[in-house]
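Opening the notebook on a new model today. I'll write down what I looked up, in the order I looked it up.

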Amino acid sequence: MSAERIHWFTFAAPSRFYALAGAVAPWLWVAAAALAAAGLYIGFFVAPTDAQQGDAYRIIFIHVPAAWMSMVIYMAMAGWAAVGWMLNARMASMLARALAPTGAIFTFIALWTGAFWGKPAWGTWWVWDARLTSELILLFLYLGYIALTEAIDDVRRADKAGALLAIVGAVNVPIIYFSVRWWNTLHQGATISMTAAPKMASTMLTAMLLMTFAFWAYAFAVVFVRARAIVLERESHADWVRALAHKEQIA
Amino acid sequence: MSDLFIAVYARDLRLAMRRRIEAMLPIVFFIVAASLFPLGVGPEPQMLQQIAPGVVWVCALLATMLSLTSLYASDYADGSLEQMLLSGESAVIVAAAKAAAHWTLTGLPLVVCAPLFGLLLGMDSASLAVLTLSLLLGTPTLSLLGSVGAALTLGLRSAGMLIVLLVLPLSIPALIFGTGAVVAVEGGQSAMAHYSILGALLILTALTAPPATAAALRISLE
């Protein structure tokens, strides 16, 4: 039993995580590039043109995976931040900090590509649809987290304050989503529903899944690289970081 | 427990009464901000009537946010906040009492003034009553949510802007159902559902915000 526990927490040590992430990151970059190339090829050249929307729909292959990632990463960020706060695990807090910019950029990509899609499909860049509005609010939550953690100079306080904010945000996300939905039906704002999408051809689904895996690989890769940088910054007093810097200098 | 609540609450009110002009600033901000809308969008009565509930609610929201910076700042600066947390008394009660005092000093005057502004923007008396009631139910939620933001940003350089950025997204449900109540009544429906949800939001935040604020204060003062 105890051996199992030790095994689980092996990579909670920043030095071991640093080595692991460094070893895995190149493969993740390769996987992300290969999957994205395959996904984009199938999405742009193999998948059939949509009967109603023409070729404009093809932005879906970036838009939908980005929107998924934006939500998954927020939950992962809040989870790691909570673990870091409650168990006082440094590596978990560093991972939460490393996840935030990637989540924010995926949210931004989802909104941006959504606007590009909205123009040909609906004739407008933006509608105050419940999903669009909640995605925008999610971006505000990410920005709030990043702004708060960056504004606090003391690392430990920044991690804990960010954790509390991320948890409060995660609890509020469903409340916000449902109130925005209700608000939207009250105001009769958008007449277009995105839920009534036509059934997808299987090649489209393949492309979308490939792009989703590509985004997952990219997210892992970039978060690992960022987390490695954070580890070096915070552990700069540790012997193993000094030894590493010394080795770099010689080489 | 309730002695502590009353003591902290009364202390905050007494302190505010010693600085009356400062205590009135949020309401002055509300009046000035709400007056800008007719100047900005034009004086057509129909247009003003349509946007009135939203204008009053958004201005109340902003007035609450801007007054939050001072919620813990002076206690933090003179060390009394640290003493309160070290006293061994429940930090949750202190946080709840301070949020209640904040609402009495900013939320309540807003509720009292809001009908006047609704009137200036051309709302009829039925909508005014709904607007007032929705603010009465909604503004305590804003004070409670805001106290979490105020505690998290304690002593930071850009605390004022940060509080707005942190708390505004969380206060969107209160805004939606607050203005929704007025829209429902103007559309000939009952506002009961909106009151119920505003009440539910208030209960939820009243139960969760003080512990979160207490935790945030501990983090900030560590």
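This is a predicted model: local features need pLDDT of at least 70, side-chain atom pairs count only at pLDDT 80 or more; totals for chains, interfaces and linings use all residues.

**Entry 1: a cut-off, then a loop residue**

I need the burial rule before anything else: a residue counts as buried if 20 or more other C-beta atoms lie within 10 Å of its own, exposed if 12 or fewer, and partly exposed in between.

I find N88(A) in the loop between α3 (60-86) and α4 (90-122) of chain A. I also looked up its backbone: phi of N88(A) is near 55 degrees, a positive value in a residue other than glycine. Most residues other than glycine have a negative phi.

**Entry 2: the two chains**

For chain A I get eight helices and zero strands. Of its 251 residues, 40% count as buried. I took the chain A contacts between residues at least 6 apart in sequence, and 78% of them join residues at least 24 apart.

Chain B has nine helices, again with zero strands. Its radius of gyration is 18 Å, close to the 17 Å that the globule rule gives for 222 residues, so chain B is as compact as a globular protein of that length. I read the span of its C-alpha trace along the principal axes as about 55 × 35 × 30 Å. Burial comes out at 50% of the 222 residues of chain B. In chain B, 80% of the contacts between residues at least 6 apart in sequence join residues at least 24 apart.

**Entry 3: where the chains meet**

I then looked up the largest nonpolar core, which has 146 residues. The members that touch the most other members are M77(A), L164(A), V56(B), A60(B) and A216(B). I followed A216(B) and set aside its neighbours within four places in sequence. A216(B) is in contact with A161(A) and L164(A) of chain A, and with V148(B), A151(B) and L152(B) of its own chain.

**Entry 4: helix α3(B) and its partners**

V56(B) and A60(B) sent me to helix α3 (residues 45-77) of chain B, as both take part in its contact with α6(B). The α3(B) and α6(B) axes are 9 Å apart, and the helices pack at an angle of about 30 degrees. That crossing is right-handed. From α3(B) the contact takes in residues including P53(B), L61(B), M65(B) and Y72(B), while L131(B), L142(B), G146(B) and A151(B) are among those from α6(B). The contact residues divide into 13 nonpolar, seven polar and no charged.

Next I checked helix α2 (residues 20-41) of chain B against α3(B): the axes come within 9 Å and cross at roughly 145 degrees. α2(B) passes α3(B) in a right-handed crossing. V56(B) and A60(B) turn up here as well, with F29(B), F30(B) and F37(B) among the residues from α2(B).

Is V167(B) buried or exposed? With 24 C-beta neighbours inside 10 Å, V167(B) counts as buried. V167(B) lies in helix α7 of chain B. Not counting residues up to four places away in sequence, V167(B) touches M65(B), L145(B), G146(B) and G149(B).

Last one: L137(B), in helix α6 of chain B. L137(B) is buried, with 23 other C-beta atoms within 10 Å. Beyond residues up to four places away in sequence, L137(B) touches Y195(B), L198(B), G199(B) and L202(B). I also looked up L137(B) against A174(B): they are 37 residues apart along the chain, and their C-alpha atoms are separated by 9.0 Å.

Notes: Residues are numbered from 1 along each chain as its sequence is written. Chains are lettered from A and ligands numbered from 1 in the order in which they are written. Helices (H or I, at least four residues) and strands (E, at least two) are DSSP runs, numbered from the N terminus. The radius of gyration is taken over C-alpha atoms; the globule rule is 2.2 Å times the number of residues to the power 0.38. Two residues are in contact if their C-beta atoms, placed from the backbone, lie within 7 Å. A nonpolar core is a set of buried Ala, Val, Leu, Ile, Met, Phe, Trp, Tyr and Cys residues joined through C-beta atoms within 7 Å. Axes are lines fitted to C-alpha atoms, for helices over the stretch in contact, and angles run from 0 to 180 degrees between N-to-C directions. A crossing is left-handed if the near helix is turned anticlockwise from the far one by less than a right angle, and right-handed if clockwise. Ala, Val, Leu, Ile, Met, Phe, Trp, Tyr, Cys and Pro count as nonpolar, Asp, Glu, Lys and Arg as charged, and the others, Gly among them, as polar.
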